[in-house]
Amino acid sequence: MYHPPTQTHVSNQDRRTRSVTSTAQHPKLSAGSVIPRAELFGNPERMTPSISPDGRWLAWIAPHEGVLNLWVRPVDAGDDARPVTADRDRGILEYVWAPDGDHLLYPQDQGGDENSHLYAVSVRSGDVRDLTPVDGVKAVLIARDLQITDRVLVGLNKTNPQLHDVYDLNVATGELVKVLDNPGLLGFVADSQLDVRAAVRSNEDGGRTIMVREADGEWRPVLTVDPIDALSTMALGFDRDGRRLLVKTSADVNATRLIWIDVDSGKHEVVVEDPIYDVASVHTDAATKLPVMVSVQRERLHTHALVDEIKHDLDTLAAVDDGDLHIVSTDRANTTWVVSYVHADGPTASYVYDRATSRARFLFHDRPGLATRLKEVKPFSFTARDGLEIHGYLTFPAGPSEKLPTVLLVHGGPSWRDTWRLNPEAQWLANRGYLCIQVNFRGSTGYGKAFSAAGNREWGGKMHNDLLDAITFAVKAGYADPDRIGIYGASYGGYAALAGAAFTPNVFRCAISLCGPSNLETLLRSIPAYWTLMIAEMYKAVGNPDTESELLRKRSPHLHAGNITIPMLIAQGANDPRVPKAESDQIVAALRDNGVPSEYLLFDDEGHGLVKPENRLKFYAWAERFLAEHLDGRHEPETA
């Protein structure tokens, strides 16, 4: 049955939830076959291990009194771990070691507003300090060098909200000294002396220019690329002498490759390239500043050595675990690595690897309770209606793979891509009896610039057609029941869910949108100030509200809400700076005016996405009940 339009405002003071009910047509799973939501969406047991530059300490993120905090232990003392932070609010989700080997640096915002301050905690003393105590300012870590132990470079937009000026930060004392007034650039890169020497200029046509800075402080261009290459073009770092700049770009080719640019002559030297897939990541040696390995994300991640000694290490590590290998952290001497093996159907396994002995010591799994309980994730591909080849992943539930209730899980970005790794949402859906379809629709990254550019100005157009064609593929293959298909996503995926409901309501039985834009005009006129430098690139991808209003209105679900007839679940963080609360408010209001069954979850202590585990668990409980009601799936048994 349909529920009447409702709204739940979720605050710190009000944690009441609507009870989850079951009906005869929605059979419960037995206690032994369901994976509790808390195991999939609660805090991991441990994650993100990293070794200190001096090789003495290991750090990671783990719960402390129910909130994610930073933990440390000596490298060789497995039973001597202790928390060094005591956050009691949103938790710590990312960090890096300061080059001094004593401090851990981490960002924290307020309620998801993304105006992050940079904090430091001393491993030895436990002192925690706010290094950028300026309200309403976003701090970003620009550069650190493991050979320079007393300072790092940070960016602060306190002078102009649109521009991050560069400051030299002494981590031990907290002293901040401005070293560069931003002339209108982004993506700053420092040389081996920690001097800012390169940056990116976003051009009026949507292209990019890589600029280098001379000794007298003047900037000059060394590479200008067309708009089609803008997304892929970025400066990564200098060699030790500062004479060559390492750059990723798709200029002159289709797939992003790695090149050196001689900053004096402008000559290019190709380091590595793949004919189909973009270079995804690059690992450079801390001392030599030379790239030693690169990774390419195909259906699975492939990491290649660029020097013989690293090839021996990769060959050794390939025999340790059959997951996709990630070199997570190395010490200053490059003698000890922390590596992780990513699995799509199991937890991530992390190890400490000693290069001298070629020995890998197991550290931990991030979610050990999920081992042996997850389903295989299968890559698939199909040909879209206009002939473009599209790739994605299928996750099947247990039992026969025929006429399954199906959920189309749409990734965010859209300049992003789904990869072969543990996606808790995909496994959750499969465990509840749904076929989960993930699609790297046109506009996704990783498949070369032509594929990415094919999504330009195609929000709600050909990008949406790719999603529909994926459903057609699954139905024709006999996997999906065409009468029981839902769509769900966050950010761009939330937009896709709203677009599915507004533009093709006959395809879907229900839709779930988390922080999804509903009106492209209002979205583009409300971007954060520090995104202004990239506005030409955004207009190139989505549309220009000043000159292409008709296109944007045509592709805005809010303006076509009269076509929506299927039940909707919409969730939003009240403090979201990327997709403001108004984007959800306006379409919910339109749905209610039209009498469409809709439910609205508003989290007053969240931003773009759900960080707090209690909020995630609340959202997925509602989503699980909603999907079971409308797609005849299953849900976690209630407890007394």
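A residue is termed buried when its relative accessible area is under 20%. In this predicted model, alanine 255 has a relative accessible area of 4%, and because that value falls under the 20% cut-off, alanine 255 counts as buried.

The surroundings of this residue can be described further. Alanine 255 is located in the loop that links β19 (244-249) and β20 (257-262). Leaving aside residues up to four places away in sequence, its contacts are Thr249, Ser250, Asp274, Pro275, Ile276, Tyr277, Asp278 and Gly448. One of these, aspartate 278, is 23 residues away from alanine 255 along the chain, yet 4.8 Å separates the C-alpha atoms of the two.

The same criterion of burial may be applied to a strand. Strand β8, which spans residues 117-122, is mostly covered, with six of its six residues buried.

The pairing of β8 involves two other strands. Strand β7 (residues 103-108) pairs with β8 in the antiparallel sense over six bridges, and within β8 serine 122 stands opposite histidine 103. Strand β9 (residues 128-130) also runs antiparallel to β8, joined to it by three bridges. Here tyrosine 119 has aspartate 130 in β9 as its bridge partner. Strands β8 and β9 form a hairpin with five residues between them. In the turn of this hairpin, glycine 126 has a positive phi of about 80°.

Key:
Residues numbered from 1 in each chain as written. Predicted model: local features only at pLDDT ≥ 70, side-chain atom pairs only at ≥ 80, totals over all residues. Heavy atoms only, no water. Buried < 20%, exposed > 50% of the residue type's maximum accessible area, 1.4 Å probe, protein only. Helix = DSSP H or I, 4+ residues; strand = E, 2+ residues; numbered from the N terminus. Pairing = 2+ DSSP bridges. Contact = heavy atoms within 4.5 Å.
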